[in-house]
Amino acid sequence: MLDAIRRWLKRTVATVDRGAIATDIDDNGELEGSYLFMCAMAAGIATIGLLCNSVSVIIGAMLVSPLMGPIVRLGLGIATLDIRRVFRALGTLLAGMGLALLVSILIVRLSPLRVPTPEILARTTPNLFDMIAATLSGLAGGYAMIRQRGGTIVGVAIATALMPPMAVVGFGLAVAQWSISQGALLLFATNFATIALSATLMCTWYGFSGRDTRAAVAWQMVVGFAVLLPLGWPLAHALGDIARQTSLLGTVRSTLTSTLGGQSVRVLDLQLDNRQRTIEVTFAAQHYDRDDDRRLHQALDDALPKGLELRLSPVITADPAATELPRSALGGNLNAVAAAPGPGDGAAAVVANFPLPLLGSHIDAATRRLTLTVAPGAEASLASLRQMEDMLSTRLGGWQVSIVPPPHPLPPVLFPRGSAELGESQRATLAVIDWATQRWNTRRLLLEGRASSDGGGTPALAGQRADAVRGWLEGHGLQATVGNSYPLPAQAQAEAEQGADPFRSVFVQVIGE
């Protein structure tokens, strides 16, 4: 049997013109102007495809990318133990990578699109299967190079996808999201290393190592273990996380269905943070009250592994089965929220990615209304919450977004020294007060006019400021009761400690119904 294999191997090797093939591989991996030009074009195409979430454009970048050339040449250099060939291949590869990074960073910086799309995020969490796929692709690529099978190289280029991960690295650097760059760089390094070592193995198989094959294989094994072991550990860990999350998702789904029986329920997203030992579950349901929350927490605490902190984000919607959550911007970045094409999809993404804890949410796809109730203790000013609402309304075109702030003191209306006139700054503060009282469904306010005691304040000025604020509020449908507070007890001492500016104001307080 072994003799038959040896004879077959000798016949196979004899059919290969190793000198001509080595020359072709060297030519394809040489640092030339055409190589740099194609790297720049491939990086540009890949970056645009990633930003637009276009699979067809990304595939075009894979086909244009010339990075397979120097990587296969590197594999040949390791197989022949030719240090000069190894360093020339590495120099060519590094030059292409550097140019690709510059192009991708420039395009992202010039583009208004800064949202991590699903195609970008898909290249930030490599696992062991990516290494296996790259190994098989490298074997196929080495075989295609040696056997002059140009059509196979096209398939290998698509399978390995060297340029898109490099473009994602550039995206992460351009938007200062280092976790994206780190994950994409790990994917690129995995593809690059396994393709090169697979090409080495194929070149050794076809006799490029010469007569001293045994010594060459020994060196190749040393290099292979030194490269693959550091890469394999995080990839295997990532695969374990995927398996664990899949198991948890099944447990969560079955527990939700059994606990919230009698209504339609759909798990939209599950995020597991091993470092903080937390699990965040976003799900859609037709109704959800305090009793449901208590029963579900109890059921999940019993079903999930001990030591996990459970965070539930219910999305109340009339049709949970039709609600989808696109994984386009996970990670809590409000700028990453974008509307999805399906009814309710973008609203569900907003709920899952909202950067503040929510007490509850409600999606009405029929009327295209989204209500977010922010939990008490959230660290956000009323002005910032109003800005979030405006931004989300713009991003979810056609939807009416309402953010209900938690109980929060209303901001005082500050005035310049000696002035009681409403300028742009005072009107902006009053607009925030008007917005907050609308969201709280209360329209009665108590006003206390104040003045400073540094020579510019009088009881009359405090009253004029309160009257000016009352006039604006009543013109916008609010009821305001006016009182003056000048001087406040120990005001001179308070001004000495805090400054006079806070006392040149109108203090606004909600009156309970």
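Biologist: How far apart are the end C-alpha atoms of helix H15?

Modeller: In this predicted model, the end C-alpha atoms of H15, residues 382-395, are 20 Å apart. That agrees with the 20 Å that its 14 residues should span at 1.5 Å a residue.

Biologist: Which residues of H15 are buried?

Modeller: Leu382, Leu385, Met388, Glu389 and Leu392.

Biologist: Where do those buried residues fall when seen down the axis of H15?

Modeller: Within an arc of 115°, so the buried residues line one face of the helix. As background, an α-helix has 3.6 residues a turn, so residues three or four places apart point the same way.

Biologist: And which residues are exposed on the other side of H15?

Modeller: Gln387 and Thr394 are exposed there.

Biologist: Switching to H5. How many of its 13 residues are buried?

Modeller: Twelve, so H5 is largely enclosed by the rest of the structure. The buried set includes Met68, Pro70, Arg73 and Ala79. Glycines are in it too, among them Gly69 and Gly75.

Biologist: What does H5 reach from its first C-alpha to its last?

Modeller: H5 covers residues 68-80 and reaches 18 Å, close to the 18 Å expected at 1.5 Å a residue.

Biologist: Next, Ser452. Is it buried or exposed?

Modeller: Ser452 counts as buried because its relative accessibility is 2%, and the cut-off for buried is under 20%. Its place is in the loop between strand E8 (444-449) and helix H17 (459-475).

Biologist: What does the side chain of Ser452 make a polar contact with?

Modeller: With the side chain of Arg504, at 3.2 Å.

Biologist: There is another serine, Ser313. Where does it lie?

Modeller: In strand E3, residues 309-317. Ser313 has 28% relative accessibility and counts as partly exposed.

Biologist: How far apart are Ser313 and Leu268 in sequence and in space?

Modeller: They are 45 residues apart in sequence and 9.8 Å apart in space, C-alpha to C-alpha.

Biologist: Last topic, the surface. Which residues make the nonpolar patch of about 220 Å²?

Modeller: Val55, Ile59 and Leu63 make that patch. Val55 is found in helix H4, residues 55-64.

Biologist: What does Val55 count as at 43% relative accessibility?

Modeller: Partly exposed. A patch residue needs over 30% relative accessible area, so Val55 at 43% passes that cut-off.

Note on methods:
Residues numbered from 1 in each chain as written. Predicted model: local features only at pLDDT ≥ 70, side-chain atom pairs only at ≥ 80, totals over all residues. Heavy atoms only, no water. Patch = residues over 30% accessible without salt bridge, like charges linked within 9 Å, V, L, I, M, F, W, Y side chains within 5 Å. Areas by Shrake-Rupley, 256 points an atom, 1.4 Å probe, with all protein chains shown as cover. Salt bridge = Lys/Arg side-chain N within 4 Å of Asp/Glu carboxyl O. Helix = DSSP H or I, 4+ residues; strand = E, 2+ residues; numbered from the N terminus. Buried < 20%, exposed > 50% of the residue type's maximum accessible area, 1.4 Å probe, protein only. Polar contact = N/O pair within 3.5 Å; in protein donor to acceptor, adjacent residues only side chain to side chain. Expected span 1.5 Å × (residues − 1). Arc of directions from axis to C-beta.
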